[in-house]
Amino acid sequence: MAKETFFLRGQVTCAADGNRDVAEIDLGAFVNLGTSKPQVLRIHSIQVAWTDEQGLVPSIDAAVNVGDAKSAFSNVAITTKATPLANPMIPMLNDDETVFTAALVGSNLNDDVDQGIMTSSTDLAPQHLVNGYLVGVDTLYLYGIADDAWAETLQISICMECSTESVSKDSAIGLALSQA
C-alpha cells in the first residue's frame, strides 16, 4: 500500500541587505513524541523557489556600465535547530541539524534593473529523497539571505512532500535528541 503524502509549505522574506532572515515551520500537528504512539515526519522531497513579492522572477540592480555584470546571490537552508541570531551565516550542509541547502546566483549585464541570468544550485541532491529524511522535532527553521545587489525583497518559498509514521518511543526520543 502506498504511503499517503501531503505537502507542507514555508516562506522566508529576505530584504536585499545581506542579513540572515528566518521563518519557523510548525510541525506540531505532525510530530508527536509525548504519547503512547509516537509519530515523526518523513520528508520525501523538497522544492524551492525564489521570487519577488508578486511571485515573479526577482530583479537585479543595474550594472554600473553596460557589459559590466552586476551579480547577486541568495542562499536558503532548512534546519531542525535554531542558530543564534548573532551568527549571520546560513547553516551549512555538513551541520548535523541541516536538512537542505540551496543557492541562487544572478547576473545583470544591463544598465537598467533587470531579471538578468539566473543560476540555481541545490546542495542536497537529489531533491527527491529515496528513503526520506526523518524529523523528530516540532519546528523546522527556514533561513534565507539575499545580498544588496537584488533590486527588491526576495521571497524564498519551499514545498516539502511529507508523510507521518509511527515509531517506538525510544526511537522517537533518540531522533529528537539528535536533532535538537
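Which strands are included in what covers the buried residues of H1? In this predicted model, strand S3 (39-51) and strand S7 (128-135) are among the elements that cover them.

## Helix H1

Helix H1 spans residues 169-179, and its buried residues are Ala172, Leu175, Ala176 and Gln179. Viewed down the helix axis, these buried residues fall within an arc of 95°, so they line one face of H1. In an α-helix there are 3.6 residues a turn, so residues three or four places apart point the same way.

Asp170 and Leu177 are exposed, and they sit on the face of H1 turned away from its buried side.

## Strand S3 and its partners

Of the 13 residues in S3, 10 are buried, and the strand is mostly covered. S3 runs antiparallel to strand S9 (residues 154-166), to which 12 bridges join it. Within this pairing, Ser157 of S9 stands opposite Ala49.

S3 also pairs with S7, again in the antiparallel sense, over 4 bridges. Here Leu41 has Val135 in S7 as its bridge partner.

## Asp147 in the S8–S9 loop

The loop between strand S8 (139-146) and S9 contains Asp147. Is Asp147 buried or exposed? Its relative accessible area is 12%, under the 20% cut-off, so Asp147 counts as buried.

The Asp147 side chain reaches the backbone nitrogen of Ala149 at 3.2 Å. Leaving aside residues up to four places away in sequence, Asp147 touches Ala16, Asp17 and Gly18, as well as Ser71, Ala72 and Phe73.

Key:
Residues are numbered from 1 along each chain as its sequence is written. This is a predicted model: local features need pLDDT of at least 70, side-chain atom pairs count only at pLDDT 80 or more; totals for chains, interfaces and linings use all residues. Side-chain values use heavy atoms; hydrogens and water are left out. Buried means under 20% relative accessible area, exposed over 50%, partly exposed in between (1.4 Å probe, protein chains only). Helices (H or I, at least four residues) and strands (E, at least two) are DSSP runs, numbered from the N terminus. The arc is that of the directions from the helix axis to the C-beta atoms. Contact means heavy atoms within 4.5 Å. Two strands pair if DSSP finds at least two bridges between them. A polar contact is a pair of N or O atoms within 3.5 Å; within protein, one must be able to donate a hydrogen and the other to accept it, and residues adjacent in sequence count only if both atoms are side-chain atoms.
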